[in-house]
Amino acid sequence: MMKRSVAVVFASSVLALLTIGATPAPRDPFAALTFRSLGPDSGRLDAAAGVPGDPSIYYVGGIGGLFKSTDGGATFTSIFDEPDVGAVGAIAVAPSSPDIVYIGTGEPNLRNDIVAGDGVWRSDDAGKTWRHVGLDASAYIAQIAIDPHDPDIAYVAAIGPVFGSGTVRGIYKTSDGGKTWQHVLALDDRTGASSVVIDPADSSTVLAGAWTAWRKPWIFSSGGPDDGLYISHDAGAHWSRVEGNGFPDGLTGRIGLAYAPSNPSRIYALIESKRGVLWRSDDSGATWRLINAGHALAQRPFYFSELSVDPRDQNHVYFLSYNVLESLDGGKTTHSVTAGSNEIDFLGDNHQLWIDPSFGARMILVDDQGAAISFDGGRDWIYPQIPVSEIYHLTTDDRIPYTICTETQDEGSACGPNNSKSAGITGSDWFNAAGGESGWILFDPANQDCIYGSGYEGVLSRFDRRTNQAIDISPWPFITIGWVTRDLRYRFQWTAPVAVSALEPHALYFGGNVLFKSDDEGLRWHVISPDLTRDDKSKQLASGGPITPDETGTERYDTIFTIAESPLRRGEIWVGTDDGLVWLTRDGGRRWQNLTAHIPGMPEWARVSGLVPSRFDPATAYLTVDTHLIGDPSPHLWMTSDYGAHWRPIAGDLSHASYSLVLKEDPFRRGLLYLGTGKGLYLSFDDGTHWMRMHGGLPTVPVYDLVVQPQFDDLVVGTHGRGVYVLDDLHPLQEYTSALAARPLALFTARTAYRWSTGRNTYAIDTQLGTDPAYGALVDFWLRDLPLKGRQVDVRIDSGTQRIRTIVVAHPHAGMNRVVWDLRYTGLVPVKGSDPLSRFGLAGFDGPRVVPGLYRISVSASGVTRSGTVRVAVDPQSRTAAAALRAQLAFLMRIHNDLALIGATIDALRALHTPQADAIAGELFQPRAREGEDVLRYPGHAYELLGGLAADASLTDAAPTAAQRAALRYLESQIHAALVRAQPLLSP
């Protein structure tokens, strides 16, 4: 276990990132701290598009942003990370100019965890660059339709702010590429639009589906009196509501629309209605008839009500519902899309299907678990890996390297390595463990092969990693999907909290409307609290109406949302509810204090998203409250230092930030806080008085959970939309002070570096999702000023009096700098004209890896030197004795020295330019091998063979074999003979 080698004292209560004395601080002093992505893949995508006639290009968008493929869907790259918005819910490629792309931000499928946007963005260069073109307050955009002849004319269907009222709803039109917008269809402050389409035969005819949709934490509603189908025949100037002539009367909700490209007079309307589901017009909307009343076509209308028509066949229609349904008779009958004899449901909850209008067999589908692409009309599919998983909670164990376990939307739990010790983290490195898709997941501190995971409907399970089996340990194991909340015995949150005890082995807690405790790993439970919620029956009513009931458990309310046991004192438990109450027991649940009235400005009915008892003081705790679900997207944070008798706000200068989701205290430095918000990660050095945004390659997505892994001192970040990110080694943040920043040069403590055995091979054919940590030792240092021109910054590694390595810092900058030493001695540059790679010996020219031990680090800049140490440790999974590693190093250094001597001799001989000298040089290396696999034509000589021998001997942690030693002696005898012949030429 790593120990802190120096005491860290926070010397100032003022954040020293603005100025340090008279010297301006760097604009981003910690820019060198960058996050790396780990995966897993599989997550919600809401929108898809391609370029007609170009099978290489696809776009997909969702809660994690916008991604593009230029290789036919084999790989996808994020192309929308810079703006301060993450979610993309609508994509439209201009038919007349495919380099012009519009995207609408904010998710259109209104589940409980949707993310809002900031309007419309446009690219004129196929996604290379973007500019914001308005509708900032539209919040959630469902669809964009571009005029087929003019890319500057576009219509936007804006749902509007789902958690509150607002006038930015309905249909908007631009005629100048987004410079200005007209609100062409506005109904009321609750009614937006779910769809907009342009008649392929007449671009002045536009259809739109009006939709009243809103949410509160305890209920959502889809459908209203102004909903329905609206039509304009003059390019949006005037609209009329479609009524009669076969169109359904009565209340309607979400509407999905599609023209048949092969016959534009045919229109399909997928309508949320009690009278049916699918209506069709065959005369351009003049008359309508009910085609299919089966609700399987739109199983949950608020979440999926989309359809697509084959461009070649007006009767061939796809419906995006829980399954992908296909009709060959204009919607009268349907069947699930199949691949061969196996039914494919694309893992459920399908959202959009784009079909190439120039080649109807090519299509891309997006759903809650990613994307699927077909080139043969849906018979066969490929499933690209896109790291867009929505993390709810995560945890880490204490293995070396450690494991990260998460709970992710739809996919369920996923556990994977922080370090694969291979070429990178792939999808096959992740495995399923305990829990469901939306809850908490935790390792048992007393037995880290045991993993607890919760899910919705009060599900709790215990997974044993040794047996790969899970057991249900739910305290009330009743499946309550479909039930109204008020009728339940216990109420459990969609993200029902579970907490393990660090002070009582085998004890754990689980939250419903009461707090459950088990003392035997979940085999038996007892209730240790009264109902800790407001228990407001008016907020426990049926959800989903007024047309379609929908009781999945996402709107369960008056429940416990967070549980936190004190890490210092047994029996002290803090509890927060989703209806705005904060509780504390100091005696294991016998007596409870309601602390809510002591919190100044505590919003009523707000979600207590986090409670964090301090590791430094049992009376101190931190509170985060999420109010975006009740219409307030600003952050709310408090701190108490007297067990909740008094609280002070600590949102400080966060007024510009998004809603607060999770706060964690650094385990080593008091007052250092990490905050996850709806738009990324923030950092405070002074208990919340001041905050700064952390970037470092972390995308703008909600941060749902944070863990500081103590052995490696890493910050593990669970994002909702882009999976897991890791910030390696927090020492620079933990040790930063204003006094340190004022020094010309400062060196931070180096954490232990592991000499990993990386020779693992696998037969898995998989796409890399995540990046392993940099191999070696992280050397972090602070530069107050940039070095003068011509003055270099270098890092030196020594062992006693022996110089191991000197690393020149290529691009130093003011602020923090990070350099990676790969645990090797200085390598060799092969002689000119030699191609060791063609002889499979390139690794032999790398410097050998050092043996475990303590090494001195020195950083020099502008005449100042600072020194420290780094410990290099053996891979705990390696069983190699220290003596064997020393023998391996001695063997490799012997070859290293031989190669250096031969290289110098070859250079000296070639400089003579005589036939005799060239002949001897040719005995030492093979000058004719210059291309890959030339070794098949021209065998390697001593120089190449030594490199190959070194490469072979360094493959794993092992002493050299007897055969390897014999081979070295044989090669050295040949080298010696050649050097003897060369000596008279080099020393006349």
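## Ground rules

Buried means under 20% relative accessible area, exposed means over 50%, and partly exposed is in between (1.4 Å probe, protein chains only). With that in hand, Arg-849 is buried, at a relative accessible area of 10%.

This is a predicted model, where local features need pLDDT of at least 70 and side-chain atom pairs count only at pLDDT 80 or more, while totals for chains, interfaces and linings use all residues. Residues are numbered from 1 along each chain as its sequence is written, and side-chain values use heavy atoms, with hydrogens and water left out.

## A hairpin with a disulfide

Let's start with β35 and β36. Strands here are DSSP runs (E, at least two residues), helices are runs of H or I with at least four, and both are numbered from the N terminus. Two strands pair if DSSP finds at least two bridges between them. Strand β35 covers residues 403-408 and pairs with β36 in the antiparallel sense over six bridges. Thr-403 has Pro-417 of β36 opposite it. Three residues sit between the two strands of this hairpin, and in the turn Asp-410 has a positive phi of about 70°. As for β36 (residues 412-417), six of its six residues are buried.

How many disulfides does the structure hold? There is one, a disulfide being a pair of cysteine sulfur atoms within 2.5 Å. Cys-405 and Cys-415 make it, with their sulfur atoms 2.0 Å apart. Cys-405 is in strand β35 and Cys-415 in strand β36, so the pair ties together parts that are ten residues apart in sequence. The link is right-handed, with 110° about the S-S bond, and both cysteines are buried.

## A four-stranded sheet

Elsewhere, an open sheet of four strands runs in the order β25-β26-β27-β28, with antiparallel pairing. Its edge strands, β25 (306-309) and β28 (335-336), each pair on one side only. Four bridges join β25 to β26 (residues 317-320), and Leu-307 has Phe-319 as its bridge partner in β26.

## Charges that meet

A salt bridge is a side-chain nitrogen of Lys or Arg within 4 Å of a carboxyl oxygen of Asp or Glu. The structure holds 49 of these salt bridges. One of them joins Asp-957 to Arg-849, with the closest N and O atoms 3.1 Å apart. Asp-957 lies in the loop between α5 (942-953) and α6 (962-986), and Arg-849 in the loop between β68 (815-821) and β69 (853-861), so the pair ties together parts that are 108 residues apart in sequence. Asp-957 is buried, at 7% relative accessibility.

Asp-124 and Arg-131 also meet in a salt bridge (2.7 Å, N to O). Asp-124 is partly exposed at 38%, and Arg-131 is partly exposed at 37%. There is a network of salt bridges too, linking Asp-397, Arg-399, Asp-449, Asp-464, Arg-465 and Arg-466.

## Charges over rings

Two arginines are worth a look here. A charge sits over a ring if NZ of Lys or CZ of Arg is within 6 Å of the ring centre and within 35 degrees of the ring normal. The charged end of Arg-534 sits over the ring of Trp-605, 4.9 Å from its centre. For Arg-586 the ring is that of Tyr-643, with the charged end 3.5 Å from the centre.
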